[in-house]
Amino acid sequence: MGRRGFAPKPTNLKVLEGKKVKTREARPNPITTPVCPAWLNRDAKIMWKRLVPVLTGVGLFTEADIEAFTAACQSWGIFVECERHLKKHGRVMEIKRFDQDGEDMQNSYFQQDPRVSIGNNALKNFKSFCI
């Protein structure tokens with residue numbers, strides 16, 4: 001049978017709250033400020049550069065966190081990128097129909113922009129990293 005109740009708080013958070021902690025658990029060593037991956041999009045890099053110094057400063061960012069944090073930043077960047085586009089162009093797009101000769105058939109329809117779904121999925125991914 002597994003443990004009951006909430007997962008225990010990380011030791012570093014207990015220390016930040018001012019609690020004196022005696023523990024035998026092995027603590028991962030905090031790392032110095034890691035380099036932001038070059039492949040992140042613009043908004044993801046902004047988030048990385050804003051949060052990494054804060055997290056490393058309080059000892060909550062370790063070597064084991066880099067990949068998950070990078071994925072969270074990229075998910076956030078994709079969400080912001082989609083929202084920026086949707087704000088400019090709208091959430092619905094007109095789809096025009098053409099016949100085989102390329103002539104407009106004059107019966108267009110409206111469809112949700114694919115960036116709505118992409119942005120929503122990116123936000124869900126981001127939230128999953130925040131738990």
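## Helix packing and aromatic pairs in a predicted model

Phe-79 is buried, with a relative accessible area of 15%; buried means under 20%, exposed over 50% and partly exposed in between, with a 1.4 Å probe and protein chains only. This is a predicted model, in which local features need pLDDT of at least 70 and side-chain atom pairs count only at pLDDT 80 or more, while totals for chains, interfaces and linings use all residues. Residues are numbered from 1 along each chain as its sequence is written, and side-chain values use heavy atoms, with hydrogens and water left out.

The chain holds four helices and two strands; helices (H or I, at least four residues) and strands (E, at least two) are DSSP runs, numbered from the N terminus. Along the sequence the pattern is α-α-α-β-β-α. Of the 131 residues, 26% count as buried.

**Aromatic pairs**

The whole structure contains five aromatic pairs. Rings of Phe, Tyr and Trp (its six-membered ring) pair if their centres lie within 6.5 Å; planes under 30 degrees apart count as stacked, over 60 as edge-to-face and the rest as tilted. Two of the pairs are described here.

Trp-48 and Phe-61 have ring centres 6.2 Å apart and planes at 90°, so this pair is edge-to-face. Because Trp-48 belongs to helix H2 and Phe-61 to the loop between H2 and H3, the pair ties together parts 13 residues apart in sequence. Ring pairs also link Trp-48, Phe-61 and Phe-69 into a cluster.

Trp-76 and Phe-79 form a tilted pair, 5.4 Å centre to centre with 45° between the planes. The two are three residues apart in helix H3, so about one helical turn separates them.

The table gives the accessibility of residues in these pairs.

| Residue | Relative accessible area | Class |
|---|---|---|
| Trp-48 | 2% | buried |
| Phe-61 | 1% | buried |
| Trp-76 | 29% | partly exposed |
| Phe-79 | 15% | buried |

**How the helices pack**

Two packed helices are described by the angle between their axes and the distance between the axes. Here axes are lines fitted to C-alpha atoms, for helices over the stretch in contact, and angles run from 0 to 180 degrees between N-to-C directions.

The axes of H2 (residues 42–57) and H3 (residues 66–89) come within 7 Å and cross at roughly 140°. That makes H2 oblique to H3; angles under 35 degrees count as roughly parallel, over 145 as roughly antiparallel, 65 to 115 as roughly perpendicular and the rest as oblique. The residues of this contact divide into 11 nonpolar, three polar and four charged. Ala, Val, Leu, Ile, Met, Phe, Trp, Tyr, Cys and Pro count as nonpolar, Asp, Glu, Lys and Arg as charged, and the others, Gly among them, as polar. Trp-48 of H2 and Trp-76 of H3 are among the residues that meet, where contact means heavy atoms within 4.5 Å.

H3 and H4 pack at about 150° with their axes 8 Å apart, which means that H3 is roughly antiparallel to H4. On the H3 side, the contact includes Trp-76, Phe-79 and Cys-82; on the H4 side, it includes Arg-115, Phe-126 and Phe-129. By class, the contact of H3 with H4 has 14 nonpolar, four polar and one charged residues.

**Arg-115**

Arg-115 lies in helix H4 (residues 114–130) and is partly exposed, at 34% relative accessible area. Leaving aside neighbours within four places in sequence, Arg-115 is in contact with Cys-82, His-85 and Leu-86. Cys-82 and Arg-115 are 33 residues apart in sequence, yet 5.5 Å apart in space, C-alpha to C-alpha.
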